[in-house]
Amino acid sequence: MGGYFELHLAGSVRLVPLAETLTIGRAAGNDVTIDSKLVSRLHALVERFPTGWSIRDLGSTNGTRVNATRLRTAQILRDRDRVEIGPARLVFHAPAGQTGSRTVGVEPPSPPPTLTPREQDVVEVLCRPYVVGGTPFPEPPTVRTIAATLHITDSAVKKHLSRLYDKYGLTGNDDRRRARLAGEALRRKPT
């Protein structure tokens with residue numbers, strides 16, 4: 001079977017077969033239309049290359065995320081990569097025989113910041129759904145869940161999260177900030 005996206009949107013799942021190019025956006029003329037103010041009219045483009053499929057954000061206002069990391073440049077997609085565009089979640093499925101190779105940037109990720117033992121505990125609980133797997137788009141645990149797991153107060157968790165956002169250089173106060181923190185912590189985790 002050829003490559004396709006598994007599109008999760010508004011409680012339903014749809015399979016979207018890949019062509020040479022695939023446009024994603026809010027405008028009706030796109031190959032994948034996502035009716036949301038969080039999505040630009042022409043938001044992202046998926047293109048086929050000899051090495052596989054590549055995705056790139058087309059200067060959208062709210063950005064495109066691949067595996068919880070904001071897309072800065074075009075990126076080769078690997079099997080099971082998770083793409084987030086506004087309220088839509090797409091899982092990439094590579095065609096049989098695709099190597100799944102990825103172009104690696106010249107600069108490695110920054111080393112992780114120095115964390116206190118309790119901040120490390122918060123990061124571990126926050127990242128657990130992403131490490132354990134099971135669902136294509138895991139959600140980070142709530143502040144209340146982190147507090148209950150670590151036997152501390154919600155207020156203490158919020159203070160630790162605030163310091164962690166600063167240490168990892170995450171600005172903005174959007175509803176996906178805990179997910180972005182988990183993605184950044186996993187990306188910068190020493191191997």
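**Strand pairing**

I looked up strand S7 (residues 65-66) and found that two bridges join S7 to S8, the two running antiparallel. Strands pair if DSSP finds at least two bridges between them; strands (E, at least two residues) and helices (H or I, at least four) are DSSP runs, numbered from the N terminus. I noted that Arg-65 stands opposite Arg-70 in S8.

This is a predicted model, in which local features need pLDDT of at least 70 and side-chain atom pairs count only at pLDDT 80 or more, while totals for chains, interfaces and linings use all residues. Residues are numbered from 1 along each chain as its sequence is written, and side-chain values use heavy atoms, without hydrogens and water.

I then traced the open sheet, whose six strands follow the order S2-S1-S11-S10-S7-S8 with antiparallel pairing. Strand S2 (12-17) and strand S8 (69-70) are at the edges with a single partner strand each, so one side of each has no neighbour in the sheet.

**Helix packing**

I examined helix H3 (residues 154-167) and helix H4 (residues 177-187), whose axes (lines fitted to C-alpha atoms over the stretch in contact) come within 11 Å and cross at roughly 55 degrees. The contact (heavy atoms within 4.5 Å) is made by Leu-161, Leu-164 and Tyr-165 of H3 with Arg-177, Arg-178 and Leu-181 of H4.

**Confidence**

I checked pLDDT, the predictor's confidence in each residue from 0 to 100; the protein averages 85, and 89% of the residues score at least 70. Over residues 99-106, pLDDT stays under 50. Where pLDDT is low, the predicted coordinates should not be read in detail.

Note on methods. Axes fitted to C-alpha atoms, helices over the stretch in contact; angles between N-to-C directions.
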